[in-house]
Amino acid sequence: MEYSFFYDESEHSRRLTKDTLSANNFAENFVASIVGYSDYISSDVKNDYSTFEEKYKKAFTVIGELKSTVIRPKKYVSGLCSFRKEDLCFISDLLDIIINHDLFLYICVFSKVEYIIIQLLNSYKNSLLVDADSLKYSIAKLVSLYRPQNVYESVYRNDDSFIYELKEFLNEIKNENQKGQKREMETSAIDQALILLEDSSADFSIDWNYKMAFWGFRNYLSEININDYWLIIDREGDGKTLKSAQSEGLKNCQEDDSVNNEGLRITDFVVGIVSSFLKAIQDSFEPGSTKETEKLLFLKKRWFRIKQEHLDIYKKLKVLIIDQHKTWYKTYSGCYSDNFLYLICILNYFDSFDDIEKYNKSTAEQHQINLNSLAVQALNDRFELMKSKLPIEATKIDEEGAYYNQKGAKCYINYRKHKILCMNNQGKKYTVLSVGFFGKMEKACITILDNNTPTCYLLPDELMEWAFSVVAIANCGENIFPSIVEFGIRQGRFYAEIE
């Protein structure tokens with residue numbers, strides 16, 4: 001079966017220029033979205049969308065193409081609570097089309113500031129000494145929160161002053177923290193960043209192609225096991241987006257005008273909804289209303305004054321963005337994606353209530369606290385995931401209950417089907433490709449080259465601690481394999497020695 005996917009993006013001012021930074025509607029995130037469906041249901045999708053479009057062109061008195069801008073971003077100031085009745089009907093009907101036809105959805109969210117930081121620190125990789133991901137997160141968050149004018153101006157001045165201004169800004173924050181004896185973890189991150197920036201090249205150039213939008217999508221296609229597809233990209237500018245997709249190995253790509261393409265118009269609405277929510281969240285925090293919470297920031301109370309119709313749409317958004325075709329790469333973001341993470345928390349929180357009667361049993365203040373607790377936990381989970389440097393790839397289980405690991409060795413879900421690696425008193429050397437675990441670290445395993453073929457074996461339980469150690473090192477970004485390792489039994493004890 002052939003599938004068609006449709007790409008569109010929001011916040012087209014990709015570059016951080018003087019005009020975009022000073023604009024009242026400046027958004028710190030670049031958002032891209034891709035919606036897809038099979039050719040088998042194509043005519044049904046087009047017919048339903050045409051009926052929907054005809055209805056709302058009349059409702060909003062639109063001549064020509066119906067675009068996501070029909071609901072302006074300022075209407076999201078209080079989430080769905082600030083929508084008019086016709087706006088709510090519009091969003092609800094649109095979501096019904098996408099959900100009822102079970103369309104595929106992929107979302108990419110990237111901080112524009114982080115995009116610069118990634119390129120600036122591109123030569124620094126994760127290791128035992130440097131957690132490059134955490135550093136990129138810390139710097140991007142500080143710059144995004146404080147918006148230092150000198151740093152921003154140095155970007156569009158293009159006079160090699162960016163690194164100097166960034167270091168000056170970080171030193172200012174560090175000095176303020178030390179004066180007030182606060183934010184020790186932030187200060188520690190700044191110290192590490194300043195050390196790295198000393199060795200950074202001042203004449204680095206910024207590439208604004210945003211190829212990362214297609215990094216995640218490429219993995220998403222693999223995860224949902226779709227190989228026969230077309231990717232149609234909304235035509236704009238000089239075709240850089242198309243070239244970026246092709247350079248990332250995506251096949252059968254072409255451009256089209258959304259005026260002639262219903263799939264592109266649906267995607268325009270999806271990406272418009274996501275980006276508008278992110279901008280609204282960015283400016284929607286207030287201090288707590290009690291002495292215990294006055295130093296904390298919460299989503300403004302007006303977001304929680306919802307009715308049943310608001311709750312129903314939040315639930316539909318949760319189905320679309322989180323549940324429908326749920327996969328690892330359905331959403332793809334950089335290290336600093338706090339606003340998008342908060343949007344996910346909002347959808348999960350509202351969805352936890354069966355109806356508005358149960359929701360109204362709590363006050364707006366209590367909802368603020370509950371959502372904040374959920375967001376803090378989600379952020380902590382995100383940090384833990386960020387610490388893990390092991391690659392994550394989808395596994396395809398065959399009829400035997402087997403799959404191939406990242407080194408190409410056949411592995412069984414039932415690990416008892418594997419043999420234990422042969423060891424003796426004389427010791428034996430193997431070419432080890434990787435070390436890992438089955439289940440939740442139930443059993444240690446090893447992939448070796450056996451007659452030039454990657455083969456998975458179990459390790460004896462006596463080497464579990466050794467397996468933990470080497471996996472922990474890899475988890476910090478320092479991969480010591482492939483290596484020659486001697487395994488054996490010495491004085492009744494199992495041993496493993498890496499050459």
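Strand 5 (residues 229-234) and strand 6 run parallel and are joined by four bridges; strands here are DSSP runs of type E with at least two residues, helices are runs of type H or I with at least four, and both are numbered from the N terminus. Two strands are taken to pair if DSSP finds at least two bridges between them. Within this pair, Ile-232 has Gln-254 of strand 6 as its bridge partner. The model is predicted, with local features requiring pLDDT of at least 70 and side-chain atom pairs counted only at pLDDT 80 or more, whereas totals for chains, interfaces and linings use all residues. Residues are numbered from 1 along each chain as its sequence is written, and side-chain values use heavy atoms, with hydrogens and water left out.

Ala-32 lies in strand 2. With a relative accessibility of 0%, Ala-32 counts as buried, a term that denotes under 20% relative accessible area, against over 50% for exposed and values in between for partly exposed (1.4 Å probe, protein chains only). Beyond its neighbours within four places in sequence, Ala-32 is in contact with Tyr-7, Asp-8, Glu-9, Tyr-106, Ile-107, Cys-108, Ala-213 and Val-271, contact being defined as heavy atoms within 4.5 Å. The C-alpha atoms of Ala-32 and Tyr-412, which are 380 residues apart along the chain, are separated by 37 Å.

A five-stranded open sheet has the order 14-13-12-15-16 and antiparallel pairing. Its edge strands, strand 14 (453-458) and strand 16 (493-498), each pair on one side only. The twist in this sheet averages 45° from one strand to the next.

Strand 13 is largely enclosed by the rest of the structure, because six of its eight residues are buried. Six bridges also join strand 13 to strand 12, and these two strands run antiparallel. Ile-446 of strand 13 stands opposite Val-435 and has Tyr-457 as its bridge partner in strand 14. The hairpin of strands 12 and 13 has four residues between the strands, with Gly-439 in the turn at a positive phi of about 60°. In the hairpin of strands 13 and 14, two residues separate the strands and Asn-451 takes a positive phi near 55°.

Among the helices, helix 5 (residues 132-146) has 15 residues that should span 21 Å at 1.5 Å a residue, and the separation of its end C-alpha atoms, 21 Å, agrees; the expected span is 1.5 Å times one less than the number of residues. Buried residues in helix 5 include Leu-135, Tyr-137, Ile-139 and Leu-142. Arg-147, just after this helix, takes a positive phi of about 45°.

The whole structure contains 33 aromatic pairs, in which rings of Phe, Tyr and Trp (its six-membered ring) have centres within 6.5 Å; planes under 30 degrees apart count as stacked, over 60 as edge-to-face and the rest as tilted. The rings of Phe-52 and Tyr-56 form a tilted pair, because their centres are 5.1 Å apart and their planes stand at 50°. Both residues lie in helix 2 (residues 42-59), four residues apart, about one turn of the helix. Phe-52 is buried at 5% relative accessible area, and Tyr-56 is buried at 3% relative accessibility. The rings of Tyr-349 and Phe-353, with centres 5.2 Å apart and planes at 80°, are edge-to-face, and both residues are buried.

Note on methods
Axes are lines fitted to C-alpha atoms, for helices over the stretch in contact, and angles run from 0 to 180 degrees between N-to-C directions.
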